[in-house]
Amino acid sequence: RGPKTETEKTPPKDKEFFTVDSANVDKIEIVRKNGKVVLQKIAGAWRQTEPVDYLVNATFVPPAVGDLKNFTLSSVVSSNPSKADTYGFNDTNKTTITVFEKGVQKGVIVVGNAGQGPSQTFIKRPDKNTIYLAENFLRMNFVKDNIDDWRDKLIASIPSGSVKSIDFSYPDETFKITKDTANMFFIGKDSIQFSTMEGYLNLLQNMNTQGFSSAPLDTVKKFTSVIKVDADKPYEF
């Protein structure tokens, strides 16, 4: 009863939009309503070059490049422009991906909603109405809630076994933690329980930010405390 709403699901004439050599992909532009991010391979390492220059989380790019190489078009789900919104092709949700190999543009994919199956996503060409269901194309490999989510959030990774001492300098107090030859930690002559110290050492070994401030440093609250760590090399925070 009522109007027909199920998808067409007809076999596509093509199995892919374009082919890429994953080893040669060196630039990916991703445009969403919340902004544009450009990922580039520079001297063998992936960096975010727009909107700011910053190292990219190393685990994010290989799955995305792998999807660009391996995805296939399993079916045509609609060629009706009025159905575009149903599959996520609207100004709020859609994502446009431009892929480059050795600096030359290879193709453009517009991404809509995720499909119901694993690694399924609705995609289309930028100049066509036809919407496809793509296999081996995971939407989350390209679409992040926040542009900054692409950036490497690691601040420092100090090997816990290498920490020799930690100097704390606060506006109203200074003290120093030292390690002796038996790997015991002290503040002055007072020993520190290892369970107490272990949590702090784990923090230093995997210190990450939760986000990035775009405000100039002179508008941020003044920095009044300094922590110096003597480890495999000197660190200062």
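Guide: First, a term: two strands pair if DSSP finds at least two bridges between them. Helices (H or I, at least four residues) and strands (E, at least two) are DSSP runs, numbered from the N terminus. This is a predicted model, where local features need pLDDT of at least 70, side-chain atom pairs count only at pLDDT 80 or more, and totals for chains, interfaces and linings use all residues. Residues are numbered from 1 along each chain as its sequence is written, and side-chain values use heavy atoms, with hydrogens and water left out.

Visitor: Fine. What is the strand order in the open sheet?

Guide: The order is 4-3-2-1-6-7-8-9-5, nine strands with antiparallel pairing. Strand 4 and strand 5 (72-78) are the edge strands, each pairing on one side only.

Visitor: How many bridges join strand 1 to strand 2?

Guide: Six, between strand 1 (residues 25-32) and strand 2 (residues 35-42), which run antiparallel. Ile28 has Leu39 in strand 2 as its bridge partner.

Visitor: Where does Ser119 sit, and what is its phi?

Guide: Ser119 is in the loop between strand 7 (104-114) and strand 8, and its phi is near 60°, also a positive value in a residue other than glycine. With 29% relative accessibility, Ser119 counts as partly exposed.

Visitor: What about the peptide bond from Glu50 to Pro51, cis or trans?

Guide: That bond is cis, with omega near 5°. Pro51 belongs to the loop between strand 3 and strand 4 (54-55).

Visitor: Switching to charges. How many salt bridges are there?

Guide: Six, counting a side-chain nitrogen of Lys or Arg within 4 Å of a carboxyl oxygen of Asp or Glu. One of them is Asp53 with Arg47, the closest N and O atoms being 3.1 Å apart; Arg47 is partly exposed at 24% relative accessibility. Arg151 and Asp148 meet in another, at 3.1 Å from N to O. Arg151 is buried, with a relative accessible area of 11%, whereas Asp148 counts as partly exposed at 21%.

Visitor: Which residues do shared partners join into one network?

Guide: Lys27, Glu29 and Lys36. In the salt bridge of Lys36 with Glu29, the closest N and O atoms are 4.0 Å apart. Glu29 is buried at 15% relative accessibility, and Lys36 is partly exposed at 33%.

Visitor: Now Lys124 in strand 8. Buried or exposed?

Guide: Lys124, in strand 8 (residues 120-124), is buried yet has no salt bridge. The nearest side chain of opposite charge is Asp127, 6.9 Å away (Lys and Arg count as positive and Asp and Glu as negative; His and the chain ends are not counted).

Visitor: So what lies 2.6 Å from a polar atom of the Lys124 side chain?

Guide: The backbone oxygen of Lys128.

Visitor: Last topic, helix 2. Which residues are buried there?

Guide: Met197, Leu201 and Leu204. They cover an arc of only 55° around the axis, which puts them on the same side of helix 2; the arc is that of the directions from the helix axis to the C-beta atoms. An α-helix has 3.6 residues a turn, so residues three or four places apart point the same way. Ser195 and Thr196 are exposed on the other side of helix 2.

Methods:
Buried means under 20% relative accessible area, exposed over 50%, partly exposed in between (1.4 Å probe, protein chains only). A polar contact is a pair of N or O atoms within 3.5 Å; within protein, one must be able to donate a hydrogen and the other to accept it, and residues adjacent in sequence count only if both atoms are side-chain atoms.
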